[in-house]
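Try each task before you read its solution.

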Amino acid sequence: MDNYCVLDVEKAGKERIMIHGWPIDVYFGIDRMLKECDYICNVLPKTPETDDMLGNGKLELCKGMHFY
């Protein structure tokens with residue numbers, strides 16, 4: 001994993017942090033992160049806050065938008 005998304009309405013953009021010696025890009029907001037991703041691993045539980053998080057055309061933002 002080299003990208004991580006934080007849903008924080010107080011902050012925007014991205015930061016690079018080091019975790020156990022590995023660089024991780026932390027995005028504040030899902031749209032910008034999706035534009036950088038080829039693959040997505042969603043490990044969030046199903047809650048009212050996460051329901052439909054990747055719906056309404058969000059996955060079309062992915063740069064690797066090739067579905068087979």
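**Exercise 1.** Why does threonine 50 count as buried?

*Solution.* Keep in mind that this is a predicted model. Begin with the location: threonine 50 lies in the segment after α1. Next, take the cut-off, which is that a residue is buried under 20% relative accessible area. Threonine 50 has 18% relative accessibility, and therefore counts as buried. Finally, look at the neighbours: leaving out residues up to four places away in sequence, threonine 50 touches Leu44 and Pro45.

**Exercise 2.** Work out the order of helices and strands along the protein chain.

*Solution.* Count the elements to begin with: there are one helix and three strands in the protein chain. Then read along the sequence, and the pattern comes out as β-β-β-α.

**Exercise 3.** Find the residues of the largest nonpolar core, and the element that gives the most to this core.

*Solution.* Seven residues form the largest nonpolar core: Tyr27, Ile30, Met33, Leu34, Cys37, Met53 and Cys62. Helix α1, residues 30-35, is the element that contributes the most, with three residues. Now pick one core member, isoleucine 30. Setting aside residues up to four places away in sequence, isoleucine 30 is in touch with Cys5, Leu7, Met53, Leu54 and Lys58. Of these, Met53 is also listed in the core.

**Exercise 4.** Describe the largest pocket, from its volume to its lining.

*Solution.* Take the volume as step one: the largest pocket has about 580 Å³. Step two is the lining, with 21 residues, of which Asn3, Cys5, Met33, Ile40 and Cys41 are the closest to the centre of the pocket. Step three asks which elements take part: β1 (3-6) and α1 are those giving two or more residues to the lining. Of the elements, β1 gives the most, with four residues. In step four, sort the lining by class, and you get 15 nonpolar, two polar and four charged residues. One more link is worth a look: Met33 is among the residues closest to the pocket centre, and Met33 also belongs to the largest nonpolar core.

**Exercise 5.** Summarise burial, surface and contacts for the whole protein chain.

*Solution.* For burial, 21% of the 68 residues in the protein chain count as buried. For the surface, the protein chain exposes about 5,700 Å², and carbon and sulfur atoms supply 56% of that area. For contacts, consider those between residues at least 6 apart in sequence: 34% of them join residues at least 24 apart.

Key. Residues numbered from 1 in each chain as written. Predicted model: local features only at pLDDT ≥ 70, side-chain atom pairs only at ≥ 80, totals over all residues. Heavy atoms only, no water. Core = buried A, V, L, I, M, F, W, Y, C linked by side-chain atoms within 4.5 Å. Buried < 20%, exposed > 50% of the residue type's maximum accessible area, 1.4 Å probe, protein only. Contact = heavy atoms within 4.5 Å. Areas by Shrake-Rupley, 256 points an atom, 1.4 Å probe, with all protein chains shown as cover. 1 Å grid on protein atoms, 1.4 Å probe; cavity = no way out; pocket = protein on both sides within 12 Å on 5 of 7 lines; lining within 4 Å. Points joined across faces, edges and corners; volume = space filled by probe spheres on them. Nonpolar A, V, L, I, M, F, W, Y, C, P; charged D, E, K, R; others polar.
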